[in-house]
Amino acid sequence: MTSNELKEAPFVFDDLVGRWSSLGESDPVRHDEGQNVWQVLDHRSVAAVLADPATFSSDFSGLTPTQPDFETFRQGNFVGMDPPEHRKLRTLVSQAFTPRVVAGLEPRIHAITAELLDAVGDRDRFDVVDALAYPLPILVIAELLGVPAADRGLFQEWAATLFGGDEIGESLDMSDIERALDSIAPTVREMNGYILEHIRHHRKHPGEGLTSRLLQAEVDGVRLADQEIVGFVALLLVAGHITTTALLGNAVLSFDEYPEAAAQVRAEPGRLPDAIEEVLRWLPPFPELGRRTTREVELGGRTLPADAILMANLATANRDPARFTDPDTFHVMRSPNPHLTFGHGIHFCFGAPLARLEARIALRQLLDRFSCLTIPSRREVEFQNPAVIVSARRLPVEVRRA
């Protein structure tokens, strides 16, 4: 088989994208009898769900399986919290993780990106995930938190366990969730101990890093407890870096699938931020967000009972023709681009500015260094389980230098 024939293998996300498009053609809100969940599919309804935490709760206590080690992280992981607890934690964390802190990382992100690409400077072929998309965000976050960058292999093992999804099917059900929690429990226990030691070190030796600022943050005389800091640090350390890893890999995949789009960005470098937003719309790393109804509610012409579990489908909302012109076309000049990939409302992704900054810098350097960057064989690309995250696990590329 020739390399050209390998290259022409189907785009790995074709089935996934096709499924999202097909779902978007059904009723905006429908009940999935097999999984006993409600699917919310159109942009208007998804945005309404995410904007109303009083009706559509992020707290699944009592409805989904639990695991003691995993529960330790709930104290600081405000992704799964409702007000007022969510407001308290987010306000405290916001004192330390400010826009100014993120903007101040830009020179270091440039330097780390250059160092990583220098390391493959003599190669015509390399794995872009291994060389850049994984190490860049984890090195940035490790430095930000003041944890040893030398432990990045450990962080990668944690992320692989938490987001690999190898032990579950493509559609999550309660038995899948219970099995997944049991399988990740030892990893969560290890993370908990590691981060607690890190926090205790910074209590004894305060500095200018984010962890020390978290320890000092205070609102109305209230400070974060150690376990609350553990939950947030774990969220940033693991979930924060895996999102940027997915975004960078998905951008390379999309530019390879649509070379005319890559050519447009090369011709007009100022369009790169718009291109990144289109990648986020086209391939959201986490395509669904779960919520629980707190009362009976009307949504999209349907009546949902109290304590119903629903899945707000960001991917189908991002393809809603009522909100996007020509939604099934990858269009890097699309602007405005009101995608919901980073969420909406009080749970809008805390790390979105950092992910966007890292993606802009990394993709700019890739395009500047390499006049041509292609995926020679789609059959060599390995992917995560899309039920957990839409992301490449291994992404070999061939390059020609500018």
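Two strands count as paired if DSSP finds at least two bridges between them. Helices (H or I, at least four residues) and strands (E, at least two) are themselves DSSP runs, numbered from the N terminus.

Now, what you are looking at. This is a predicted model, where local features need pLDDT of at least 70 and side-chain atom pairs count only at pLDDT 80 or more, while totals for chains, interfaces and linings use all residues. Residues are numbered from 1 along each chain as its sequence is written, and side-chain values use heavy atoms, with hydrogens and water left out.

Start with the three-stranded sheet. It is open, its order is E4-E14-E11, and its pairing is antiparallel. E4 and E11 are the edge strands, and each pairs on one side only. From one strand to the next, the twist averages 30 degrees.

Look at the first pairing. Strand E4, residues 125-127, is joined to strand E14, residues 396-401, by 3 bridges. Which residue stands opposite Asp-127 in E14? Pro-396 does. Arg-125 faces Glu-398 of E14.

On to the other pairing. Strand E11, residues 370-374, and E14 share 4 bridges. Here Cys-372 is set opposite Arg-400 of E14.

A helix goes with this sheet. H17 lies across E11 and E14, at about 110 degrees to E11. That angle is between N-to-C directions, on a scale from 0 to 180 degrees, with axes as lines fitted to C-alpha atoms, for helices over the stretch in contact. Contact means heavy atoms within 4.5 Å.

H17 covers residues 352-369, 18 residues in total. From first C-alpha to last it reaches 26 Å, close to the 26 Å expected at 1.5 Å a residue. The expected span is 1.5 Å times one less than the number of residues. Its buried residues include Leu-354, Leu-357, Ile-361 and Leu-366. Buried means under 20% relative accessible area, exposed means over 50%, and partly exposed is in between (1.4 Å probe, protein chains only).

A salt bridge needs a side-chain nitrogen of Lys or Arg within 4 Å of a carboxyl oxygen of Asp or Glu. Arg-364 and Asp-368 are 4 residues apart in helix H17, so about one helical turn separates them. In general, an α-helix has 3.6 residues a turn, so residues three or four places apart point the same way. Asp-368 is partly exposed, at 47% relative accessible area.

How many salt bridges are there by this rule? The count comes to 19. One network links Arg-108, Glu-115 and Glu-143. Another salt bridge joins Arg-334 to Glu-278, with the closest N and O atoms 3.1 Å apart. This pair links distant parts of the chain, 56 residues apart. Arg-334 is in the loop between helix H16 and H17, while Glu-278 is in helix H15. Are the two buried or exposed? Both Arg-334 and Glu-278 are buried.

That brings us to H15. Of its 11 residues, 9 are buried, so the rest of the structure largely encloses this helix. Among the buried ones are Leu-272, Ile-276, Val-279 and Trp-282. The cover over them includes helices H2, H13, H14 and H17.

Next, the five-stranded sheet. It is open too, in the order E1-E2-E10-E7-E3, and the pairing is mixed. Its edge strands are E1 (29-32) and E3 (56-57). Helix H3, residues 43-50, packs on this sheet and touches E1, E2, E3, E7 and E10. Its direction makes about 125 degrees with that of E10. Strands E7 and E10 pair in the antiparallel sense, over 5 bridges. Glu-288 stands opposite Asn-313 in E10.

Last, the backbone. Most residues other than glycine have a negative phi, and most peptide bonds are trans. Where are the exceptions here? The bond from Pro-83 to Pro-84 is cis, with omega near 5 degrees. Pro-84 sits in the loop between helices H4 and H5. From Ser-335 to Pro-336 the bond is also cis, with omega near 0 degrees. Pro-336 is placed in the loop between H16 and H17. Asp-326 is in the loop between H16 and H17, and its phi is positive, about 50 degrees. Asp-307 has a positive phi near 65 degrees. Asp-307 lies between strand E9 and E10, and is partly exposed at 45%.
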